[in-house]
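Hi everyone, thanks for coming. Please have a look at the sequence and the structure on the screen, and then I'll walk you through some parts of it.

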Amino acid sequence: MTEIDVLIIGGGPAGLAAAIAVHEAGCRKVLLLEREPALGGILRQCIHAGFGMHVFKEDLTGPEYAHRFVQQFHALGLSAQCNTMVLSVTPDREVTAVSPTFGLQRFRAKAVVLAMGCRERTRGALRVPGWRPAGIYPAGLAQRFMNLDGWMPGRRVVILGSGDIGLIMARRMTLEGAQVLACVELMPFSSGLTRNVVQCLDDYDIPLLLSHTVIDIHGRERLEAVTIAQVDDQRRPLPGTEQRLACDTLLLSVGLIPENELSRAAGVGISAITCGPLVDESLQTSVPGIFACGNVLHVHDLVDHVTVESEEAGRQAARYAQEGQQARGSDIRVRDGAGVRGLVPQTVCAARVTDGVPLMFRPSAVFKDAAAVVRIDGEEVLRKRSRIMTPGEMVRLVVPKDTLERYVGAAELTVEVES
Amino acid sequence: MSEQTLTCIGCPMGCRLRVTLEDGQVTAVDGAACGRGAVYARQECVCPTRHISTLARVRGRREPLSVKTAQPIPKAMIFACVEEIHRTCVTPPVKIGDVIVENVCGTGVDVVATMEIEAAE
């Protein structure tokens with residue numbers, strides 16, 4: 001059993017930022033465990049630009065953004081163990097891991113930071129009927145094959161779902177020589193950024209078929225075609241609108257799910273809405289000493305936000321390792337109001353805050369000329385107007401410390417979208 | 001006089017912009033909810049440019065090298081530039097920012113590495 005101050009699970013942008021913050025807070029026995037052979041996480045395969053506009057005020061590619069943190073990590077003398085799979089975390093923070101180099105290892109940590117990221121929703125979750133041939137990939141998996149491993153997934157491509165990964169892959173596959181026939185979206189709006197719709201689809205004349213879906217898959221060994229159809233406002237396929245598209249590849253960009261098998265087994269309470277751990281304002285989960293940040297906590301659209309959130313988780317984990325559990329006053333419960341989904345954190349202890357508390361959520365629909373309104377026990381404490389809010393872009397509101405201090409002992413905080 | 005329609009990328013509003021051009025110059029932009037629309041339309045209609053990311057081959061291994069254009073290139077040159085990059089074969093070691101293709105397709109823009117590869121053993 002090796003004793004560690006703070007153990008971080010996952011070496012993507014969340015884990016790296018957390019580790020650096022832990023070190024900067026003065027903890028010296030810090031260890032990061034990573035399943036892949038290299039640090040950087042999903043950024044390594046995101047070779048397009050668009051990262052770092054907030055944190056660095058520069059437009060970087062994924063590998064460049066990751067590299068800056070990897071360099072800083074090593075420069076501080078922090079240690080990471082790659083090729084290492086964490087098998088279990090217990091509620092008293094005993095961590096079991098396995099790797100080809102070190103075999104089975106056991107660690108006891110004063111604090112643990114969960115930074116395992118998320119996974120893609122797969123075909124099984126969609127229940128698309130038809131055969132199960134080769135050639136159907138989650139978009140991010142195809143991105144990995146192409147950008148990291150050097151394999152081309154196919155030549156004639158249909159993309160189901162218009163999330164950002166699907167849009168980015170439409171352009172990537174086109175530039176590498178494939179023909180992308182269409183991007184098919186069930187909803188009447190794209191869940192991706194406007195910039196991506198314009199620069200990944202419009203630039204290459206790839207049609208975005210809104211209110212359409214894939215209703216059948218053809219081909220026994222290899223995908224041969226898909227049937228698509230328009231859907232009504234109940235998302236039911238409309239008879240007579242079917243079209244058969246001959247293709248060898250279907251990419252799915254239909255959502256991401258935080259990867260919380262380890263958290264669940266550790267007894268960490270999980271939100272049914274975010275699918276991530278329930279956390280307080282210090283990003284501590286329901287298990288004392290276990291913290292969570294990045295896409296394992298809730299799926300972000302900007303890595304810059306992951307970095308900022310994870311630095312806070314790192315600072316809080318370091319503080320826990322140094323001082324133990326802080327005395328708590330009563331918690332304010334955080335509740336989604338109308339038009340709001342997936343608020344993080346789920347509780348705030350007003351008596352304990354050391355700084356403003358960021359509240360993050362997704363609007364449940366597209367709202368124009370709307371305001372996000374924060375109320376504590378019915379009293380309005382913050383209002384932020386916005387020309388547009390969409391489910392594709394997370395909203396972040398910071399409630400100032402002095403505001404929260406006026407509500408020590410309050411019961412409930414709500415956020416609502418008023419339009 | 002000609003007209004062009006495009007979608008503003010300034011924010012998630014995605015305003016549909018109707019742009020009027022005379023002798024290749026933008027004379028009017030309609031449909032923008034804010035000032036960013038006109039700025040975007042002027043750039044996009046007169047000289048649209050894009051940053052491009054793609055892959056270059058690496059001598060001695062299948063895994064490719066990720067690269068990008070150091071500055072935006074004219075939109076019309078995208079495929080020509082990508083073809084020239086694909087013809088390149090890089091010898092490790094490679095550092096971030098190393099120039100992989102100089103002055104790609106005569107655009108005056110260099111293509112640079114966005115990842116590092118250590119020297120082959």
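Let me begin with a word we'll need: a residue counts as buried if 20 or more other C-beta atoms lie within 10 Å of its own, exposed if 12 or fewer, and partly exposed in between, with C-beta atoms placed from the backbone. Now, where this comes from: it is a predicted model, where local features need pLDDT of at least 70, side-chain atom pairs count only at pLDDT 80 or more, and totals for chains, interfaces and linings use all residues. Residues are numbered from 1 along each chain as its sequence is written, while chains are lettered from A and ligands numbered from 1 in the order in which they are written.

Let's start in a loop. A:Ser211 lies between strand 13 and strand 14 of chain A; helices (H or I, at least four residues) and strands (E, at least two) are DSSP runs, numbered from the N terminus. A:Ser211 is partly exposed, with 18 other C-beta atoms within 10 Å. Its phi is positive, about 50°, although A:Ser211 is not a glycine. Most residues other than glycine have a negative phi, and most peptide bonds are trans. A:Asp205 is not a glycine either, and has a positive phi of about 55°. You'll find A:Asp205 in the loop between helix 6 and strand 13 (208-209) of chain A. Is A:Asp205 buried or exposed? A:Asp205 is exposed, with 8 other C-beta atoms within 10 Å.

What about cis peptide bonds? One joins A:Val344 and A:Pro345, with omega about 0°, and A:Pro345 sits in the loop between strand 21 (340-344) and strand 22 (347-348) of chain A. In chain B, the bond from B:Pro92 to B:Pro93 is cis, with omega near 5°.

Next, strands. Strands of a sheet pair through backbone hydrogen bonds, either parallel or antiparallel. Here, two strands pair if DSSP finds at least two bridges between them. Chain A has an open sheet of 3 strands in the order 14-15-16, with antiparallel pairing. Strand 14 (212-218) and strand 16 (243-246) of chain A are at the edges with a single partner strand each, so one side of each has no neighbour in the sheet. Strand 14 and strand 15 (residues 225-230) of chain A are joined by 6 bridges, and A:Thr213 stands opposite A:Ala229 in strand 15.

Now follow strand 27 (residues 412-418) of chain A. Strand 24 (residues 367-376) of chain A runs antiparallel to strand 27, with 6 bridges, and A:Ala371 has A:Glu418 as its bridge partner.

Finally, the two chains together. How many residues does each chain bring to the contact? Chain A gives 23 residues and chain B gives 22 residues, where two residues are in contact if their C-beta atoms, placed from the backbone, lie within 7 Å. On the side of chain A that touches chain B, the largest share, 4 residues, comes from helix 6 of chain A.
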